[in-house]
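Colleague: Could you walk me through this model and tell me what stands behind the words you use for it?
Modeller: Gladly, let's look at it together.

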Amino acid sequence: MFEIFGIPAAALFGQLLLGLINGSFYALLSLGLAVIFGLLNIINFTHGAQYMMGAFVAWMLLTYLGVDYWWALILVPVIVGATGIVVERLMISRLYHLDHLYGLLLTFGLALIIQGLFRNQYGVSGLPYSIPDALQGGTNLGFMFLPNYRAWVVVASVVVCFGTWFLIEKTRLGAYLRAATENPKMVGAFGINVPRLITLTYGFGVGLAALAGVLAAPIYSVNPNMGADLIIVVFAVVVIGGMGSIMGAILTGFGLGIVEGLTRVFYAEASAVVIFVIMALVLLIKPAGLFGRVA
Amino acid sequence: MNIATPILAAAMGLAMAGSAYAIDVKIGVLNDRSGTYADLSGEGSVIAAQMAVEDFGAADRGINVEIISADHQNKPDVASTIARQWYDEEGVDAIFDVPTSSAALAVNEITREKNKIFIDSGAASSDLTGAQCSPNTVHWTYDTWALANGTGAAMVETGADKWFFLTADYAFGHALEADTSAVVEETGGEVLGSVRHPFPGQDFSSYLLQAQSSGAEVIGLANAGGDTVNAIKQAAEFGITQSGQSLAALLMFITDVHALGLDAAQGLVLTESFYWDLNEGTRQWSERFAERNGGDMPTMVHAGVYAGVLHYLKAIEETGTIDAGPVMEAMKAMPTSDPLFGEGEIRADGRKVHDMYLFRVKSPDASEGAWDYYDLVYTIPAENAFRPIEEGGCELVE
């Protein structure tokens with residue numbers, strides 16, 4: 001077996017694959033953020049808490065109502081998305097005419113409150129959520145043992161990400177959305193209910209976060225802090241990809257997952273900071289992000 | 001007017017009250033109240049401290065105790081700021097608990113500088129009573145040397161002598177890795193390598209894969225709390241335990257076992273200084289504790305805070321003062337005695353010694369319900385449980 005930089009190639013392939021799996025979560029989460037920022041101009045700091053809510057609602061459905069994982073995949077984004085819609089109507093919609101900073105402060109505060117409430121109720125040690133029976137076990141790829149569930153996460157994430165990109169960039173609904181962001185008055189004049197469009201977009205973005213939460217529940221412990229650390233990384237991903245760029249968020253999400261995975265092999269101590277180093281470099285060289293347009 | 005009259009009256013009043021005079025003591029419980037160690041320390045430690053004050057009957061003995069608490073977020077800088085503020089502005093006499101070794105080492109230094117008292121329960125680093133020992137610090141519950149000596153030695157005894165470490169990248173993880181490596185090598189084993197992960201982590205699959213390809217027989221988890229829980233879960237997911245490598249959770253609390261569930265945790269061997277179901281004394285106390293802690297049983301950290309506060313108050317009653325010097329002297333001179341750790345003592349280096357226990361986690365079938373998790377494998381007697389005092393390199397030891 002040949003070696004690359006002193007690491008056996010087999011081990012390296014394994015790490016690349018793991019990076020891709022982690023990248024799936026980054027991509028799904030940063031996609032939701034990019035949709036919300038791109039179309040609403042709101043920096044949604046509640047995103048991590050909404051991801052956490054996704055995992056918790058899946059756990060609650062299973063524990064209290066016996067609703068299994070597959071139904072949770074559909075129900076949880078709808079339920080958590082609905083809470084997002086309520087939040088948008090009651091609070092966020094009042095801030096559209098103000099500076100970005102107000103939206104950031106509001107959503108950050110909301111995130112702290114939501115996390116605090118869950119922490120109070122469920123503690124921080126985490127709750128168990130099993131991998132569904134159909135996805136138990138794994139496949140030996142020769143260079144590594146790939147758990148079936150992780151393979152499923154990658155597939156689900158790729159499908160959802162590109163589905164969303166297609167919806168927004170290639171369909172008529174997406175065209176309305178993009179037009180409504182550019183010039184809400186004009187689009188409204190054509191008889192399209194712009195506020196409702198915006199509300200639903202926020203709900204959709206939140207639903208994406210919740211979906212990522214359901215996907216994460218069986219492999220990470222379901223605990224109130226699970227989104228708090230992740231959200232910072234995901235923001236860095238969005239900034240690197242270019243704020244508001246949907247394809248940028250997807251590609252950067254997967255790409256940075258791989259970069260982080262490789263860092264864990266060569267110098268694990270740096271794996272927590274490598275994404276921020278890249279962010280600093282990108283901001284220096286291309287301030288609008290890799291895929292962003294200069295405003 | 002004669003000046004002697006009021007003094008005489010005051011003296012008589014005190015004599016009639018039955019105690020020398022009232023002493024005001026302010027105790028600060030400083031720990032993680034929101035992060036990964038909040039369930040194993042957190043509010044439970046405050047409850048334990050309150051129970052100690054009540055059980056001691058402090059008020060009846062003329063000692064007026066006030067307890068305050070704060071969240072150090074597992075950050076040494078936050079812990080330092082709070083400790084300084086407590087000593088300088090709030091009039092705190094003693095700080096208790098302080099999990100997270102890096103934070104504990106910071107509070108250790110500030111307590112020495114301010115000449116107050118620090119009784120640590122939650123942190124693990126054996127440096128607290130070794131290279132960085134202080135005349136103002138007592139390390140109560142456990143330390144990395146005791147864990148390594150318990151779990152490390154037990155694993156090597158079963159014939160598993162090739163190790164790879166998965167280590168939390170801060171003071172605690174480093175100390176635990178070093179102490180366990182020493183035990184492994186001393187008993188004829190071999191350390192093949194280690195990987196240091198950022199704290200706190202979430203995804204450990206990458207590190208586990210590195211451990212897998214190292215060819216080690218044992219993967220030593222030199223981390224704690226949520227990190228250990230996630231690493232164990234993911235080791236099962238990636239088929240690492242099924243392929244013959246075993247995991248050694250070098251520091252695991254009962255709250256971690258509770259979070260992991262017995263399906264995933266069964267068979268793990270771990271070292272602790274306290275288990276609620278050890279004997280009649282621990283059971284009675286733990287049931288009272290659980291009533292006040294939402295039904296959750298205490299960890300050894302909670303037990304250590306209780307026993308530490310109890311011993312501290314005894315020393316204050318004995319000396320009639322809250323000055324750090326005499327109180328610490330009395331604490332080290334008096335043997336310790338409480339229902340949770342039994343009889344013990346505090347050594348010159350600040351190390352509290354008592355028995356440690358090697359437990360094995362029960363299978364789901366063997367468990368009778370929530371919190372019935374451990375079988376006792378053997379007891380490590382106090383004289384062998386902790387690092388010999390002359391080996392720690394503490395300057396307080398002549």
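**A sheet in chain B and its surroundings**

Modeller: In chain B, three strands make an open sheet in the order 10-14-15, with antiparallel pairing. This is a predicted model, in which local features need pLDDT of at least 70 and side-chain atom pairs count only at pLDDT 80 or more, while totals for chains, interfaces and linings use all residues. Residues are numbered from 1 along each chain as its sequence is written, and chains are lettered from A and ligands numbered from 1 in the order in which they are written.

Colleague: What makes strand 10 and strand 15 of chain B stand at the edges?
Modeller: Each has a single partner strand, so one side of each is left without a neighbour in the sheet. Strands here are DSSP runs of E with at least two residues, helices are runs of H or I with at least four, and both are numbered from the N terminus.

Colleague: How do you know that strand 10 and strand 14 of chain B pair?
Modeller: Pairing asks for at least two bridges found by DSSP between two strands. Strand 10 (residues 269-272) and strand 14 of chain B have four, in the antiparallel sense, so by that definition they pair. One of the bridges links B:Leu270 to B:Phe359 of strand 14. Strand 14 is also joined to strand 15 (residues 374-380) of chain B, antiparallel again, by six bridges; there B:Phe359 has B:Leu376 as its partner.

Colleague: Why is strand 14 of chain B called largely enclosed?
Modeller: A residue is buried if 20 or more other C-beta atoms, placed from the backbone, lie within 10 Å of its own, exposed if 12 or fewer, and partly exposed in between. In strand 14 (residues 356-361) of chain B, five of the six residues are buried, so the rest of the structure largely encloses it.

Colleague: What lies across these strands, and at what angle to strand 10 of chain B?
Modeller: Helix 5 (residues 144-157) of chain B lies across strands 10, 14 and 15, running at about 155° to strand 10. Axes are lines fitted to C-alpha atoms, for helices over the stretch in contact, and angles run from 0 to 180 degrees between N-to-C directions.

Colleague: What makes a set of residues a nonpolar core?
Modeller: The members are buried Ala, Val, Leu, Ile, Met, Phe, Trp, Tyr and Cys residues joined through C-beta atoms within 7 Å. The largest such core has 226 residues, and B:Val107 and B:Val309 touch the most other members. Helix 1 of chain A gives the largest share, 18 residues. Leaving out residues up to four places away in sequence, B:Val107 touches B:Leu30, B:Ala79, B:Ala83, B:Ile95, B:Val98 and B:Phe118.

Colleague: How many residues does each chain bring to the contact between chain A and chain B?
Modeller: Chain A brings 28 residues and chain B 30, where contact means C-beta atoms, placed from the backbone, within 7 Å. Helix 1 of chain A supplies five residues, the largest share of the chain A side.

Definitions and conventions. Two residues are in contact if their C-beta atoms, placed from the backbone, lie within 7 Å.
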